[in-house]
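Colleague: I would like to learn how to read features from a model of this kind, one feature at a time. Could you give me the general idea first and then the case at hand?

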Amino acid sequence: MKKTLQNFLMRAARFCFGLYWRVFRPTTLGARCIVTGARNRILLVRHRGTAQWFLPGGMAKKSETLPQAASRELEEETGIQIAPETLRLFGCYTSTKQGK
């Protein structure tokens with residue numbers, strides 16, 4: 001009986017937290033860059049603590065445009081400097097992985 005109540009409370013808490021996250025957490029914007037080299041290779045970066053590879057990029061700050069965010073993130077992660085006005089939009093995508 002005690003274990004059943006514990007399981008129910010844990011499931012209820014997870015449900016409430018997920019509901020809170022969907023309703024009250026703001027949507028975040030991010031930018032990723034596709035950088036190709038001389039032999040049409042695509043530049044990827046590996047984030048600390050993971051074995052996975054990603055396109056360079058990250059979240060935009062509140063006052064940034066997406067090209068500014070992409071340019072800043074590219075420089076932070078790789079040291080490559082590109083003017084925001086030279087970048088072009090490839091696409092806009094959303095993710096529901098975190099319930100946003």
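Colleague: Which side chains meet Arg72 in a salt bridge, starting with Glu64?

Modeller: A salt bridge is taken here as a side-chain nitrogen of Lys or Arg within 4 Å of a carboxyl oxygen of Asp or Glu. By that rule Glu64 and Arg72 are joined, with N to O at 2.7 Å. Please keep in mind that this is a predicted model, in which local features need pLDDT of at least 70 and side-chain atom pairs count only at pLDDT 80 or more, while totals for chains, interfaces and linings use all residues. Residues are numbered from 1 along each chain as its sequence is written, and side-chain values use heavy atoms, with hydrogens and water left out.

Colleague: How many salt bridges does the rule give, and what are the other partners of Arg72?

Modeller: The count comes to three. Arg72 also pairs with Glu73, where the closest N and O atoms are 3.1 Å apart, and with Glu76, where the closest N and O atoms are 3.0 Å apart. The side chains of Arg72 and Glu73 are also joined by a polar contact of 3.1 Å, a term for a pair of N or O atoms within 3.5 Å in which, within protein, one must be able to donate a hydrogen and the other to accept it, and for which residues adjacent in sequence count only if both atoms are side-chain atoms.

Colleague: Where does Arg72 lie, and how are Arg72 and Glu76 placed in helix α2?

Modeller: Helices are DSSP runs of H or I with at least four residues, strands are runs of E with at least two, and both are numbered from the N terminus. Arg72 belongs to helix α2, residues 66–78. Because Arg72 and Glu76 are four residues apart in helix α2, about one helical turn separates them. Through shared partners, the salt bridges join Glu64, Arg72, Glu73 and Glu76 into one network.

Colleague: Are Arg72 and Glu76 buried or exposed?

Modeller: Buried means under 20% relative accessible area, exposed means over 50%, and partly exposed is in between, using a 1.4 Å probe and protein chains only. Arg72 has 17% relative accessibility and therefore counts as buried, whereas Glu76, with a relative accessible area of 52%, is exposed. Glu64 is buried, and Glu73 is buried.

Colleague: How many disulfides does a search of the whole structure find?

Modeller: In general, a disulfide is a covalent bond between the sulfur atoms of two cysteines. The search, which asks for a pair of cysteine sulfur atoms within 2.5 Å, finds zero disulfides. Cys16 is partly exposed at 49% relative accessibility, while Cys33 is buried at 6%.

Colleague: What is the phi of Asn40, and where does Asn40 lie?

Modeller: Most residues other than glycine have a negative phi. Asn40, although not a glycine, has a positive phi of about 60°. Asn40 lies in the loop between β1 (30–32) and β2 (45–46), and its relative accessibility of 66% makes Asn40 exposed.
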